[in-house]
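Dear colleague,

Please find below the structure that I am handing over to you. My findings follow directly after it.

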Amino acid sequence: MTLLDIFPSLRASTVPRLDPAVWPTDTHYDGEGRITLAGVALHDIADQYGTPVRVLDETEVRERCRAYRKLFPDTEIVYAGTALMLRTVARWVAEEGLAVQVGSAGELEVALAAGIDPRRIILQGNGTPFDELRTAVNAGVGRIVVSSLTEITLLASLATRPQQVLLRVAPGIEVPGRSRFGFPLGSESCAAAVARIIAQPKLILSGLHCHLGAQIHDPDLYGEAIRRMIGEMAWIHAEHGILLTHLDIGGGHAVARRGGDAELNLHELADILEDALDAGCARHHFPRPVLAMEPGRAIVARAGVTLYRVLAITEVADGGTCVIVDGDTAGRDDVSALVVNRHPAGPQLTASVAGRHGAAGELIAAEVRIPADLRAGEVLAVPCTGAYHPCAAGYRTAGRPPVVAVAHGRTEQLLRRETTADLLMRELAR
């Protein structure tokens with residue numbers, strides 16, 4: 001039984017198109033009406049590797065790295081590895097000239113295993129523990145971001161050679177969902193942190209670091225952060241005679257999850273950053289620092305597409321329609337979905353998509369347009385899932401899905417599917 005049988009009054013509607021704001025650039029319908037990515041039919045990938053499966057377009061990742069380097073030629077572009085840290089992805093971004101930011105010992109080990117020059121790695125966490133600081137120091141990590149007095153003390157006890165340090169600060173800019181970490185600019189705690197770093201002979205305070213928040217689409221916020229941070233750098237120079245040379249404004253660049261969502265305009269951002277640097281340095285008579293930014297989601301999100309197989313279509317209590325698929329939630333429902341194995345030219349309806357392991361109220365996608373005759377066994381694709389999208393992470397003892405890279409008509413499995421045997425290997429008690 002199809003949805004047309006359940007809802008015979010459905011009328012024909014517009015065929016969904018591949019929105020360039022959320023799908024990888026090289027995503028198309030082929031002659032058979034199937035969605036292809038980098039010359040490979042997504043339905044074939046689902047058949048070969050099973051579902052759920054996350055597909056990652058290598059060319060899309062590389063092109064986004066190149067776009068950042070072109071638009072910000074005088075800025076150090078640092079890939080925020082927390083968005084998606086795999087050895088192959090780290091290698092891609094490094095080959096495109098990006099440095100790498102890591103937030104844990106695990107991410108650091110992946111970056112090192114990918115052959116990343118340790119001097120091109122920035123370690124930044126929200127209270128990095130002793131063991132991870134020791135690992136970073138022993139590896140020769142180029143810069144370590146500190147956001148607490150405790151970290152400064154621990155790092156000073158570990159450093160056996162000069163270690164560059166960035167002090168994480170909070171510029172005091174109101175951003176929805178803003179970061180809660182960092183020393184408030186102009187505060188006594190910030191002044192104390194500066195003094196403590198400077199007092200340590202092996203620690204070199206090379207600059208300031210901030211992270212305003214996530215999904216920021218207003219470029220003026222970054223300009224204001226730069227102006228305020230340059231003011232603090234000028235104060236440090238006047239107070240301590242130390243000239244800071246690096247200013248890292250973090251990431252948080254907004255990307256669209258559905259058509260019509262606001263994104264950060266990188267062309268506008270480039271102009272605003274230049275103006276802010278000129279204005280801030282002129283006002284405080286401060287030499288222009290080296291600027292760094294840390295896009296993560298903005299590099300990999302649109303490069304990823306997650307595939308699910310339909311298990312059932314059902315009517316829910318509010319009278320709507322819900323499609324049950326064989327995966328789990330992505331942690332958000334503000335994404336879209338399309339059937340991949342055929343061009344839906346007939347009637348459609350609005351439905352939600354839920355994973356079979358999802359808790360009550362959790363959805364993979366809400367209010368998406370699907371073919372009215374969608375059947376169990378067909379494959380749905382959810383775009384813009386290249387970042388922060390584990391799809392299970394052990395919930396209900398379900399293994400995480402594989403990651404498959406596509407490029408030039410070929411596929412390569414980067415991460416295999418996690419099995420029940422993998423999960424049981426962590427069990428120690430009988």
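Helices α8 and α9 are oblique to each other, because their axes cross at roughly 55 degrees and angles that are neither roughly parallel, roughly antiparallel nor roughly perpendicular (65 to 115 degrees) count as oblique. Please note that this comes from a predicted model. Helix α8 covers residues 188-198 and helix α9 covers residues 220-240, and the two axes come within 12 Å. The crossing of this pair is right-handed. On the side of α8, the contact is made by Cys190, Ala191, Val194, Ala195 and Ile198; α9 contributes Glu232, Trp235, Ile236 and His240. Sorted by class, these residues comprise seven nonpolar, one polar and one charged.

Strand β2 consists of residues 35-37 and is joined to β1 by three bridges. Within this antiparallel pair, Tyr29 has Ile35 of β2 as its bridge partner.

As for the chain overall, the protein contains twelve helices and 21 strands. The C-alpha trace spans about 75 × 55 × 45 Å along its principal axes. The radius of gyration is 24 Å, which agrees with the value near 22 Å that a compact globule of 430 residues would have.

With kind regards

Notes. Residues are numbered from 1 along each chain as its sequence is written. This is a predicted model: local features need pLDDT of at least 70, side-chain atom pairs count only at pLDDT 80 or more; totals for chains, interfaces and linings use all residues. Side-chain values use heavy atoms; hydrogens and water are left out. Two strands pair if DSSP finds at least two bridges between them. Helices (H or I, at least four residues) and strands (E, at least two) are DSSP runs, numbered from the N terminus. Axes are lines fitted to C-alpha atoms, for helices over the stretch in contact, and angles run from 0 to 180 degrees between N-to-C directions. Angles under 35 degrees count as roughly parallel, over 145 as roughly antiparallel, 65 to 115 as roughly perpendicular and the rest as oblique. A crossing is left-handed if the near helix is turned anticlockwise from the far one by less than a right angle, and right-handed if clockwise. Contact means heavy atoms within 4.5 Å. Ala, Val, Leu, Ile, Met, Phe, Trp, Tyr, Cys and Pro count as nonpolar, Asp, Glu, Lys and Arg as charged, and the others, Gly among them, as polar. The radius of gyration is taken over C-alpha atoms; the globule rule is 2.2 Å times the number of residues to the power 0.38.
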